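My entries follow the order in which I looked things up.

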Amino acid sequence: MSGNRHSTLFAKLHDRVWIFPALSLLTLVIGQICQEECAVLRGDILGLDLNVLGIFLYSLLFISAVLYRKFYPRDWLLKLIAVVVSAGAGAEIILVKFQVQNNVYCPKCLISGFFFMAMFFVVARDLRKWVVVVLLASGAFIASITFNGSVTPSYAQEIRYPGFGSEKARTEIILYSDYFCSACSKADDQFNAALRKVKDRAKIRFVDVPLHAGSLEYAEVFLYVWFEAGNNFETAIKTRETLFEAAKTKTDQFEVIRILASKGIPFNADKKKAQEVLRGVYNPLMKMDGIRATPTLVVVQGGNRKAVVGAAEILAALSKMSSP
C-alpha cells in the first residue's frame, strides 16, 4: 500500500516537474532578502556569475518542462531535460562542498539548490542508472575545474585593503609575516624575487601578523604607504624592505616614518583607517586561516585554501607556481 502511495506521489511530481525549476528561479529572484548572508560568497563558472548562470539554467528548465507537459510531450525532450539536470546535480554537489569547506552558507543558494536536487530525483528515473552516474560524475568534474569561488568575509565588503599583482587572477596568494620575525626577515629578498615571477598570474596580499612588540605599529606604517601609493607592487616591496631593516634595530614608528620620507616613499598617516583594516580585515583573515606561525603562505584557488609554513616550503610553492 505504501509503495502505491509513493508511486502515485512520484507520478504527480513527474507530471508537474516544472514546479521545481520555478521554485528555484523564484528563490533566486527574491534572494535579495538574504543579501548580507550571500554577499560573502562569490563564484563563477568560466567567468559567468553563478547567480546569472542559475537564473538562465532554471529559466531554461522551466520553459522546457512546460513545453514538454503542455505542448510537446516527446520522450526525447524529457530525456534531454533529465540529462541537463543530472549533470547539473553533479555541479551542485561541488558548490555545496565549497560552502561546507569554508563553513559559510548562502540560504538563497541552498534553497534553490534543494529544489533543483528534488527535480533531479524525479527526472533521473527516466534515464538508465549508469547514465545518471556518468552524468553526475561528469558534472562534478567539470564544475571542479571551472568553478572559481571565493569567500569574501563581511568585513571586506566595506573596507578596502591592500592587493597587488593581477586583479583578474583566479589564484590569490596571502603571505603572512612579522617584521620582527627573523625567518621572515632572512627570506624577504627571496620571497620578493619569487613573488615578482608570479605577480602577473596571481593576486598578492601581505598580511602583517602581530607576534612581537612593535609589530602593530609597523603594520600601520605599511598601510600608511598603501593609503597614498595604492596597489603599487614595487612601492610595497620597498616599504617592506625598509620595515624589515628598521626592525633589526627596533626603530620606533616615528623614526621609521622619517626614514620612509627620506627615501621618497609616499604615505598618509591615517591611524584610524589603518586600525579599521587591521581589526576588520587582517584579524578575521588570520582567524580564518588559523595562523599560528610566520612566515606562512596561503594559496587560494577556487574553494580551496592551502597553507604552507616555513621559508623553504614557501619558496618551493612559489617556484612551482612560477613554472610554465
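This is a predicted model: local features need pLDDT of at least 70, side-chain atom pairs count only at pLDDT 80 or more; totals for chains, interfaces and linings use all residues.

**Entry 1: the whole protein**

I looked up the overall make-up and found 13 helices and 8 strands. Of the 324 residues, 48% count as buried. I then turned to contacts between residues at least 6 apart in sequence, and noted that 81% of these join residues at least 24 apart.

**Entry 2: α9 and α12**

I took helix α9, residues 215-229, together with helix α12, residues 271-289, and found that their axes come within 9 Å and cross at roughly 110 degrees. That angle falls in the range I had written down, so α9 and α12 are roughly perpendicular to each other. The contact draws on residues of α9 including Leu 216, Leu 223 and Phe 227, and on residues of α12 including Ala 274, Val 277 and Tyr 282. Sorted by class, this contact of α9 with α12 has 9 nonpolar, 1 polar and 3 charged residues. I noted the hand of the crossing as well, which is right-handed.

**Entry 3: one side of α11**

Which residues of helix α11 are buried? In this helix, which spans residues 253-262, I found Gln 253, Val 256, Ile 257 and Leu 260 to be buried. They cover an arc of only 100 degrees around the axis, and therefore they sit on the same side of α11. The face turned away from that buried side carries Phe 254 and Ser 262, which are exposed. I next asked what the buried residues of α11 pack against, and the partners turned out to be α9 and α10, the latter covering 233-247.

**Entry 4: α11 with its two partners**

For α9 and α11, I found axes that come within 10 Å and cross at roughly 30 degrees. Angles under 35 degrees count as roughly parallel, so α9 is roughly parallel to α11. From α9, the residues making this contact include Tyr 218, Val 221 and Val 225, while α11 contributes Gln 253, Val 256, Ile 257 and Leu 260. By class, I counted off 7 nonpolar, 1 polar and 2 charged residues in the contact of α9 with α11.

For α10 and α11, the packing angle is about 140 degrees and the axes are 11 Å apart, which makes α10 oblique to α11. Here Thr 239, Thr 242, Leu 243 and Ala 246 of α10 meet Val 256, Ile 259 and Leu 260 of α11. The residues of this contact divide into 5 nonpolar, 2 polar and no charged. I recorded a right-handed crossing for α10 and α11, and likewise a right-handed one where α9 passes α11.

**Entry 5: two single residues**

I looked at Thr 239 again, which lies in helix α10. Is Thr 239 buried or exposed? Its relative accessible area is 0%, so Thr 239 is buried. Leaving out residues up to four places away in sequence, Thr 239 touches Phe 222, Val 225, Leu 260 and Ile 265.

Last, I looked up Asp 289, which lies in helix α12. Asp 289 has 15% relative accessibility and therefore counts as buried, since buried means under 20%. With the residues up to four places away in sequence again left out, Asp 289 touches Ile 174, Tyr 176, Val 298 and Arg 305.

Conventions. Residues are numbered from 1 along each chain as its sequence is written. Side-chain values use heavy atoms; hydrogens and water are left out. Axes are lines fitted to C-alpha atoms, for helices over the stretch in contact, and angles run from 0 to 180 degrees between N-to-C directions. Helices (H or I, at least four residues) and strands (E, at least two) are DSSP runs, numbered from the N terminus. Angles under 35 degrees count as roughly parallel, over 145 as roughly antiparallel, 65 to 115 as roughly perpendicular and the rest as oblique. A crossing is left-handed if the near helix is turned anticlockwise from the far one by less than a right angle, and right-handed if clockwise. Contact means heavy atoms within 4.5 Å. Ala, Val, Leu, Ile, Met, Phe, Trp, Tyr, Cys and Pro count as nonpolar, Asp, Glu, Lys and Arg as charged, and the others, Gly among them, as polar. Buried means under 20% relative accessible area, exposed over 50%, partly exposed in between (1.4 Å probe, protein chains only). The arc is that of the directions from the helix axis to the C-beta atoms.
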